[in-house]
Structures are given as C-alpha cells and as structure tokens.
Amino acid sequence: MSILGQELITDRTVFRRLFAAAVETCRSGIVFVVRIVRIRRDRARLDELPDYLLHDIGVGRSEIRWITRYGRREHGEA
C-alpha cells in the first residue's frame with residue numbers, strides 16, 4: 001500500500017474517532033437535559049401534593065428536593 005493510502009486510512013480512523021466523540025458528547029448533553037427536565041417536573045408534581053398525601057408516600061415536604069435529585073434511601077442505609 002502506498003504512503004498516500006496509509007494516510008487516508010489513518011485520517012479516516014481519526015475522523016471516525018472524532019465523529020464518535022462528537023456523537024457521544026451530544027448524547028451526553030441530551031441525557032443531561034432530559035434529567036434536569038424530569039427532576040423539575042417531579043418536584044413540581046410533589047410540591048402540588050397536600051401534606052397528608054406526602055406523608056402517605058413517606059416523604060416530608062423538606063425532603064422533596066433531595067428525593068427528586070438523588071432518589072430515596074432504602075431501609076437500612078445510612
């Protein structure tokens with residue numbers, strides 16, 4: 001194979017790597033935005049609930065931000 005052919009193969013590999021990195025970066029950004037939207041939606045829904053319903057599901061009003069951001073702790077976890 002000629003030197004020119006080797007350079008084209010090398011460039012193609014670099015291009016594919018760059019393209020894959022760009023796609024992964026876009027995907028990560030979309031996942032991040034979707035997570036933020038979900039967190040805000042869940043907070044709004046929980047904020048609308050009366051205190052007695054929050055108590056029924058085992059959530060205090062002061063815990064809404066924590067639960068929507070990090071999830072619930074299971075029994076027995078510190």
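## Nonpolar surface patch

Phe15, Phe19 and Val23 form a nonpolar surface patch of about 330 Å² in this predicted model; patch residues have over 30% relative accessible area and no salt bridge, with nonpolar side chains joined within 5 Å, and the areas come from the Shrake-Rupley method with a 1.4 Å probe. Of these residues, Phe19 lies in helix α1, which spans residues 3-48 (helices are DSSP runs of H or I, at least four residues, numbered from the N terminus). Phe19 has a relative accessible area of 52% and is therefore exposed (exposed means over 50%, buried under 20%).

## A buried arginine

Arg43 also belongs to helix α1, and this residue is buried yet has no salt bridge, the nearest side chain of opposite charge being Asp47, 7.0 Å away; a salt bridge would require a side-chain nitrogen of Lys or Arg within 4 Å of a carboxyl oxygen of Asp or Glu. Apart from neighbours within four places in sequence, Arg43 is in contact (heavy atoms within 4.5 Å) with Ile64, Arg65, Thr68 and Arg69.

The largest nonpolar core has five residues, Leu46, Leu54, Val59, Ile64 and Ile67, a core being a set of buried nonpolar residues joined through side-chain atoms within 4.5 Å. Ile67 is in contact with Val59 and Arg72, its neighbours within four places in sequence left aside.

Tyr70 is part of helix α3, residues 64-70, and is exposed, with a relative accessible area of 55%. The C-alpha atoms of Tyr70 and Ile39 are 9.6 Å apart, although 31 residues separate the two along the chain.

## Basis of the values

Residues are numbered from 1 along each chain as its sequence is written, and side-chain values use heavy atoms, with hydrogens and water left out. Local features need pLDDT of at least 70 and side-chain atom pairs count only at pLDDT 80 or more, whereas totals for chains, interfaces and linings use all residues.

Definitions and conventions:
Patches are made of residues with over 30% relative accessible area and no salt bridge: like charges are joined within 9 Å, nonpolar side chains (Val, Leu, Ile, Met, Phe, Trp, Tyr) within 5 Å. Helices (H or I, at least four residues) and strands (E, at least two) are DSSP runs, numbered from the N terminus. Buried means under 20% relative accessible area, exposed over 50%, partly exposed in between (1.4 Å probe, protein chains only). Lys and Arg count as positive and Asp and Glu as negative; His and the chain ends are not counted.
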